[in-house]
Amino acid sequence: MVREQYTTTTQGTSLQRPDNEYVYKIGIYGWRKRCLYLLVLLLLIILVVNFALTIWVLRVMWFNPEGMGLLKVTKDGLRLEGESEFLFPLYAKEIHSRTDSSLLLHSSQNIVVDARDMNGNVTGRLTVGPKAVQAHGQQFEILSNEGKMLFSANENEVVVGADKLRVTGPEGALFEHSVETPLVKADAFKQLRLESPTRSLSMDAPKGVYIKAQAGNIEATSQMDIVLHTSEGMLVLDSETVRLPRLPRGSRGVPGNSQGLYEVCVCPDGKLYLSVAGEGSTCHEYSAC
């Protein structure tokens with residue numbers, strides 16, 4: 001602080017004003033002044049650099065009143081034009097493309113879409129990889145535009161809701177276990193073949209099995225036995241001609257003049273054989289049981 005002394009005099013008196021023993025200068029001088037100017041200059045330079053960097057960031061990121069570059073903020077959410085690259089996970093409620101273009105998701109590795117619950121646990125996952133497409137969830141469904149279920153799969157069953165299931169492969173369809181279906185049909189001018197290479201083939205129905213070929217033959221080939229069994233009804237062979245060309249003929253007894261006519265005989269075990277026809281039954285005479 002600067003200390004000043006004042007001497008008051010009255011008129012008619014003359015007093016000598018004492019000299020100040022100590023004189024203080026007000027202000028900052030010397031190296032302190034130079035440091036202050038240097039600090040102010042440094043702050044000014046930093047301010048200019050920050051302002052320039054802010055202008056550069058605004059120019060590079062294309063900030064505008066509607067958003068940032070190709071990213072625009074609308075009342076419906078965010079709208080992104082062109083191609084974009086996300087380095088970290090993207091969380092969104094809905095993602096859709098423009099009405100005049102398709103939505104393309106591209107990745108050099110895998111594309112993973114997760115659905116999570118309130119606790120953050122993954123409840124469903126769709127993974128598109130270079131070799132396979134995998135879907136993880138309790139149930140997988142494919143619906144039509146009208147909301148009709150076309151395909152459904154879960155741990156218990158797989159349901160095909162379409163009107164027709166077509167297998168176009170040359171080897172057909174392979175089923176390791178049983179198949180339940182109301183109709184098995186081939187395409188027009190194509191053959192229908194049911195085959196079991198190493199095991200038996202069984203067709204069961206509570207109200208009957210109906211086999212029909214409208215423009216061809218029906219053939220049943222087996223290495224061992226072919227069994228046609230009905231538990232309560234009867235077996236009907238309804239045709240203009242029923243041929244059994246390989247039936248054995250009975251050889252016992254005395255041959256008679258049958259004029260090429262034969263009688264079909266049945267053994268107790270169900271075996272059929274031919275016997276020379278006569279006025280009465282000749283099954284006992286020409287028995288082949």
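This is a predicted model: local features need pLDDT of at least 70, side-chain atom pairs count only at pLDDT 80 or more; totals for chains, interfaces and linings use all residues.
By class, how many nonpolar, polar and charged residues does the lining of the second largest pocket have? The count is 20 nonpolar, 13 polar and 10 charged.

Three strands, β3 (71-74), β4 (77-80) and β5 (111-116), each supply at least two lining residues. The largest share comes from β5, with six residues.

**The disulfide**

The structure holds one disulfide. C265 and C283 form it, with their sulfur atoms 1.9 Å apart. The torsion about the S-S bond is about -85 degrees, so the disulfide is left-handed. C265 lies in strand β11 (residues 262-266), while C283 lies in the segment after β12 (272-276). The pair therefore ties together parts that are 18 residues apart in sequence. Are C265 and C283 buried or exposed? Both are buried.

**The aromatic pair**

The structure also holds one aromatic pair. F140 and F151 form this pair, 6.3 Å centre to centre, with 65 degrees between the planes. Planes over 60 degrees apart count as edge-to-face, and the pair of F140 and F151 is edge-to-face. F140 belongs to strand β8 (residues 140-143) and F151 to strand β9 (residues 149-153), so the contact ties together parts that are 11 residues apart in sequence.

**Accessibility**

| Residue | Relative accessibility | Class |
|---|---|---|
| F140 | 39% | partly exposed |
| F151 | 28% | partly exposed |
| C35 | 44% | partly exposed |

Why does F151 count as partly exposed? F151 has 28% relative accessibility, and therefore falls in that class. F140, its partner in the aromatic pair, counts as partly exposed at 39%.

**The annotated segment**

A UniProt annotation, from an unreviewed entry, marks residues 35-58 as "transmembrane region". In the model, the chain over residues 35-58 is 100% helix and 0% strand. The end C-alpha atoms of this stretch are 35 Å apart. C35, with a relative accessible area of 44%, is partly exposed.

Terms used. Residues are numbered from 1 along each chain as its sequence is written. Side-chain values use heavy atoms; hydrogens and water are left out. Rings of Phe, Tyr and Trp (its six-membered ring) pair if their centres lie within 6.5 Å; planes under 30 degrees apart count as stacked, over 60 as edge-to-face and the rest as tilted. Helices (H or I, at least four residues) and strands (E, at least two) are DSSP runs, numbered from the N terminus. Buried means under 20% relative accessible area, exposed over 50%, partly exposed in between (1.4 Å probe, protein chains only). UniProt positions are given in the numbering used here, feature names are shortened, and annotations may be inferred rather than shown by experiment. A disulfide is a pair of cysteine sulfur atoms within 2.5 Å. Ala, Val, Leu, Ile, Met, Phe, Trp, Tyr, Cys and Pro count as nonpolar, Asp, Glu, Lys and Arg as charged, and the others, Gly among them, as polar.
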